[in-house]
Amino acid sequence: MRSKKTSDTVVVEKSEFEALQRQVAELMNNKNGNAPEKQQNATDDIRLDKVVKVMSLFRGILNLSRGRDKEELRFTEFGEIKRIQYGQLLEILDRNESFYRNGLFIILDKDVVKKLGYEDISILNKEQIERVIDFTCKTEDAFELYKSGTDRQKATIVEALVANVRDGKEANQNLIRLIEQESKIKINEQAEIARQYMEIGVP
């Protein structure tokens, strides 16, 4: 560093002082946990041919359109996973974004979710839905999970509970009672009606 010395005082030239200020600012910025811009924007570099996993959270057949004259993405059961390219996912979201926001399917890639700005969307995942349906957690925890789902996911849970009761499977009646009060849907009554239809051969 060039400097001028007058008596006991060291005078730093202006250009060198400004450069030193910039270096100190960069060091403080990194110390406070602010990553370099290149690292922060890592998700901006997602290639269109990157393979992304997508899972259906719908109990039944789910068709996601990619646009005219393009093959749609088809799921046949709850929890089914498909591998598609990121570019194809963008085409699907352009036409079916409400399906994602309603929790009919989920993107199994955190970088992609962040890139698309979906981080703050509250969607139950497959394991959370199954914990409610299969009675594998406490009643109060299962009910809180149910309430935190989207309206479509709540409907999926109700449909599954109706099917379980109809088929004579073990069911958490305390949870069912809470969900009936919240949803105004009579799960046990619907299950009994469904059972009667099955007995006479009506699907």
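This is a predicted model: local features need pLDDT of at least 70, side-chain atom pairs count only at pLDDT 80 or more; totals for chains, interfaces and linings use all residues.
Which residues of α7 are buried? Residues are numbered from 1 along each chain as its sequence is written, and side-chain values use heavy atoms, without hydrogens and water.

**Entry: burial.** I find Gln153, Lys154, Thr156, Ile157, Val158, Ala160, Leu161, Val162, Ala163, Asn164 and Val165 buried in α7. Buried means under 20% relative accessible area (1.4 Å probe, protein chains only). Helices are DSSP runs of H or I, at least four residues, numbered from the N terminus.

**Entry: span.** I read 16 residues in α7 and 22 Å from its first C-alpha to its last, close to the 22 Å expected at 1.5 Å a residue. The expected span is 1.5 Å times one less than the number of residues. Just after α7, I note Gly168 with a positive phi of about 75 degrees.

**Entry: packing.** I see the buried residues of α7 pack against α5 (126-133), α6 (139-148), α8 (173-183) and α9 (187-199). On the α7 side, Val158, Leu161, Val162, Val165 and Arg166 meet residues of α9 including Ile187, Ala191 and Met198; contact means heavy atoms within 4.5 Å.

**Entry: core.** I looked up the largest nonpolar core, which has 44 residues. Such a core is a set of buried Ala, Val, Leu, Ile, Met, Phe, Trp, Tyr and Cys residues joined through side-chain atoms within 4.5 Å. Ile157 is among the members that touch the most others. Helix α7 (residues 151-166) gives the most to this core, with six residues.

Terms used: Buried means under 20% relative accessible area, exposed over 50%, partly exposed in between (1.4 Å probe, protein chains only). Helices (H or I, at least four residues) and strands (E, at least two) are DSSP runs, numbered from the N terminus.
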